[in-house]
Amino acid sequence: MKNKRFKVVSLFSGCGGLDLGLEQAGMDVIWANEIDANAAETYRHNMSNTTIIEGDIKEIHVDDIPNCDILAAGFPCQPFSSAGSRKGVSDKRGTLFEEAIRVIESKNPLVVVFENVRGILSTKNLDGSLLLDSIVKTLDDIIPGYCVNYKLIKASSYGVPQERYRVIFVAVRKDLGFTYEFPAPTHNKNEKELTVGAALKNVKNLPNQEDIWEFSPQSKKLIPFIKEGGSWKDIPYSELPPRLKRIKDNMKKYRAPNFYRRFSRDEINGTITAAATPENCGIIHPTENRRYSVREIARFQSFPDDFVFVAKSLSAKYRVIGNAVPPLLGKVIGESIIGQLNAIEEGKLFDAMDRYKQLSLFD
Ligand SMILES: C[S@@+](CC[C@H](N)C(=O)[O-])C[C@H]1O[C@@H](n2cnc3c(N)ncnc32)[C@H](O)[C@@H]1O
């Protein structure tokens, strides 16, 4: 039993960040779905043991999705029209969260893993209640019910060289009799291996290192003024474009934004975003006047150097990496799930699985 590899179905799988981490933890991702062709292409290129279906999850019937032990889904976050009541969803085909629920109701996985942005903690439904509470209640209401634990996680606490916050939900089927516990942090922020300098070591000649998306003419003009560790505050006022001058003139009104952050080699880099714009994301190389390469941002996201990004356009490569769960975070979460499932007395786990005969461990 302990040597069995739990089977994962992955929805909204992107280029495979979370899924790679779950595989590294010792799970088998057997089936994945993703609507974006660029993300799916990279997924297919690197995750050769997984069947990836490219298309809209709303168009996929549950009978075409295999049974699984674990369901992973980083669904895009959309508010509900009515709290706690899925009947209240105004869109007749429901939200993307609803799509994940549809699969959970059909497959009864042992464990469900959701990943989302920090903003989900404060996202309100149209009636003013918290989306978060609706998610917990919906999972609780599904037969046989799920015990949900969620946490705002800082990826660098688990060794990812990036200040990236994400909310992870782990829901455990109630008949398993335990609530998932998040693992204790493994790293503190002063560790040298988390710095920009450490993350950028020995990238020359690696795949995707030549993939560098050029800055706009305006950014190209501004960036040479910014010192390593600096930001737009280093740019002389006279050089600023009118929009940034207006903001500088009234910093209080604009809440003192820190645009064009250029992290130093001694700092931990900020969040790598899907848009990869220098204004709002720490994407400027510390010592060269250019954007980080695709390989460099993959390093900040903890993708291994042999994971190759093959999207059609450069901007799409940046986007799929920025959207990903850092594989290392997926690995840490995956390992803790396996550990907690394996801690259940074997007979009890078998009984729980037997109750929903479709579970893949018996295949
Ligand atoms: C936050 S990303 C998931 C990242 C992924 N978990 C990873 O670690 O790489 C959300 C993904 O959902 C996909 N998506 C959005 N709507 C979808 C739909 N209707 N059907 C399938 N995938 C969809 C997006 O293209 C995007 O890649």
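Visitor: Why is Ser13 called buried?

Guide: In this predicted model, Ser13 has a relative accessible area of 8%, and since the term buried applies under 20%, Ser13 counts as buried. Its place is in the loop between strand 1 (7–11) and helix 1 (17–25).

Visitor: Which residues does Ser13 touch, not counting residues up to four places away in sequence?

Guide: Ser13 touches Asp19, Ala32, Asn33, Glu34, Tyr43 and Ile52, each of these contacts resting on heavy atoms within 4.5 Å.

Visitor: What makes Ala324 count as buried?

Guide: The relative accessibility of Ala324 is 6%, and because buried means under 20%, Ala324 counts as buried. This residue lies in the loop between helix 9 (314–323) and helix 10, and, leaving aside neighbours within four places in sequence, Ala324 is in contact with Cys15, Gly17, Arg164, Gln301 and Phe303.

Visitor: How many residues apart in sequence are Ala324 and Ser13, and what separates them in space, C-alpha to C-alpha?

Guide: Ala324 and Ser13 are 311 residues apart in sequence, while their C-alpha atoms are 8.5 Å apart in space.

Visitor: Into which domains is the chain divided, and what separates their centres?

Guide: The chain is divided into domain 1 (7–187 + 326–362) and domain 2 (192–323), and the centres of the two, taken over C-alpha atoms, are separated by 30 Å.

Visitor: What area is buried between domain 1 and domain 2, and which three residues of domain 1 supply more of that domain's share than any other three?

Guide: About 2,100 Å² is buried between domain 1 and domain 2, with carbon and sulfur atoms giving 55% of this area. Asn38, Pro161 and Gln162 supply 26% of the area that domain 1 buries against domain 2. In terms of contacts, 24 residues of domain 1 meet 27 residues of domain 2.

Visitor: What makes the pairing of Glu41 with Lys312 a salt bridge?

Guide: The closest N and O atoms of Glu41 and Lys312 are 3.2 Å apart, and because the rule asks for a side-chain nitrogen of Lys or Arg within 4 Å of a carboxyl oxygen of Asp or Glu, the pair forms a salt bridge. Across the interface of domain 1 and domain 2 the rule finds two salt bridges, and the count of residue pairs in polar contact between these domains is 14.

Visitor: Which helix gives the most to the side of domain 1 that touches domain 2?

Guide: Helix 2 gives the most to that side of domain 1, with six residues. The residues of this side divide into nine nonpolar, ten polar and five charged.

Key:
Residues are numbered from 1 along each chain as its sequence is written. This is a predicted model: local features need pLDDT of at least 70, side-chain atom pairs count only at pLDDT 80 or more; totals for chains, interfaces and linings use all residues. Side-chain values use heavy atoms; hydrogens and water are left out. Helices (H or I, at least four residues) and strands (E, at least two) are DSSP runs, numbered from the N terminus. Buried means under 20% relative accessible area, exposed over 50%, partly exposed in between (1.4 Å probe, protein chains only). Domain bounds come from an automatic or database domain assignment. Buried area is the accessible area (1.4 Å probe) that two parts lose on being put together, summed over both. A polar contact is a pair of N or O atoms within 3.5 Å; within protein, one must be able to donate a hydrogen and the other to accept it, and residues adjacent in sequence count only if both atoms are side-chain atoms. Ala, Val, Leu, Ile, Met, Phe, Trp, Tyr, Cys and Pro count as nonpolar, Asp, Glu, Lys and Arg as charged, and the others, Gly among them, as polar.
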